[in-house]
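Please work through each task before reading its solution.

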Amino acid sequence: MSLHSTRVAALLAWVNSTKVCPDPLNDLSQLQDCSVFIRIIHKIHGSKEGEPVLEQPLPERISFIHGFLQKHCRHKLAAENLVSAQKLLDGEELALAKVAVLLLYHASMNCKNPGDWNEFDYKTQVELASILKFVLDNEECLNENLEPFLQRKADSSSSSTSSSSFEEHSPLFSLPHKREVRFLELQRISSFPSTNFPSTPSSPMGDIMQTPQFQLRRLKEQLAFERENREELEVEMAQNHKLIMEKDAQIATMQQRIDRLVKLNEKQAEDQLEPKEMEELREKNESLVGRLHEAFRQCQDLKTEKAQMDRKINQLSEENGDLSFKLREIASNMVQLQRALNELSEEHNTAMAQSQEKQRQLEKELHVALQDKKCSEEKIEILQGKISLLEDQLAKLEECSIQEKGEVMGDVLKLEELKQEVSSLTAKGARLEEEKQQLDSLVTSLQSSLSESHRAQERLKRDLQARAAEGQA
């Protein structure tokens, strides 16, 4: 199965951004000699520990990369199972892509400023962020899932809308309608320390690096790295302590030999030995004394070095304790925050459903009122036409005789009734207009409330992201 072209392009864009090769790469096969990977490792760590390896054959380079991945990327099976040395030796593109993914993960964990990713266009950032999110979500089963992830083909819709694809998987974009909380609740539990990250414009890579999941993983990486440093120092200290013990034993042995020589000198002096023999004994004695002094000096140096290592181990222990406490505190705060978010999200969803139902009811009532008003207005127009006609007839009748007026008295009463009916209708119409205005006011108020709710959701989302990012402190 061929590799996912969009993800491969994003990985190559990241490799090119490291600027470790003179010409931009446009194909994974150009990574076959593994020298680019070694130079990327140099750039990430700011060291040249693998410089001699660049002059060695490919198997030695692959061995160096295996050792680095196993030590620094926290994936213990990386050297044996996740990345096959034979497949790297054969230049298999899937194996090369795996190494690029692990180095991208390690580089993001060591990134000091999320804004550094802004040099990539939005689509590339989306793909890089999706790769990073996949590694974070599949740490325990990366060996089984990484190959399908890199080989999965994007269909036409997903390839044309990469940002929507990332938003479905991103912890930032999947929360907005579920993570709205009251500010008082948020202030009660959000007491994270200040972050070292500067404020940067929103971007997919910047957003995912400020998620609680990434921050916790970063702290765990840092804690594990400090723990390994401490263990290495303890091993070195034990070796130095053993060396000191050996030196002390040598000093004791030499001191015993000196004591024996002194006694022998005294005995020989008593026996009045030849001057030549005395001179030889004196030279041996001086040589042993010199070696004794040198051993004392070395021992003193080792003791000084041991004291320095003790201080450094104590310092690392304190830092380790601080990191562990901070990690526990952040985890506890996040659990409380998540619980409050879930509770308040349910309240918000319930209130939203009620408000939407109320809006639909008011709109329905408004529609009925408008229909009634329209019918009333049409009826008033008809009655006003009749009134006008009757008034014209009445005006003509006034010119006739009293007898004729008596004959049309019934029409006059019909006319008066129509006038009363019209008055009753222009009043019903006024009430309907007043009700319409009240309904309009209610709908406007409800829409304003909904808009304010949406704005509050956005503010709370940004505040949550800022609180979560403070875990880096």
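Helix H13 (residues 212–270) contributes the most to the negative patch, with three residues. Helices here are DSSP runs of H or I with at least four residues, numbered from the N terminus. In this predicted model, local features need pLDDT of at least 70 and side-chain atom pairs count only at pLDDT 80 or more, while totals for chains, interfaces and linings use all residues. Residues are numbered from 1 along each chain as its sequence is written, and side-chain values use heavy atoms, with hydrogens and water left out.

**Exercise 1.** State which residues form the negative surface patch.

*Solution.* The patch consists of Glu231, Glu232, Glu236 and Glu305. Patch residues have over 30% relative accessible area and no salt bridge, and like charges are joined within 9 Å. Glu236 belongs to helix H13; its relative accessible area is 33%, so Glu236 is partly exposed. Buried means under 20%, exposed over 50%, and partly exposed in between (1.4 Å probe, protein chains only).

**Exercise 2.** Describe the salt bridge between Glu147 and Lys98.

*Solution.* A salt bridge requires a side-chain nitrogen of Lys or Arg within 4 Å of a carboxyl oxygen of Asp or Glu. The closest N and O atoms of Glu147 and Lys98 are 2.7 Å apart. This pair links distant parts of the chain, with Glu147 in helix H8 (residues 142–151) and Lys98 in helix H6 (residues 93–109), 49 residues apart. Glu147 is partly exposed at 25% relative accessibility, whereas Lys98 is buried at 5%.

How values were computed
Patch = residues over 30% accessible without salt bridge, like charges linked within 9 Å, V, L, I, M, F, W, Y side chains within 5 Å. Areas by Shrake-Rupley, 256 points an atom, 1.4 Å probe, with all protein chains shown as cover. Lys, Arg positive; Asp, Glu negative; His and termini not counted. Charge placed at Lys NZ, Arg CZ, Asp CG, Glu CD. Helix = DSSP H or I, 4+ residues; strand = E, 2+ residues; numbered from the N terminus.
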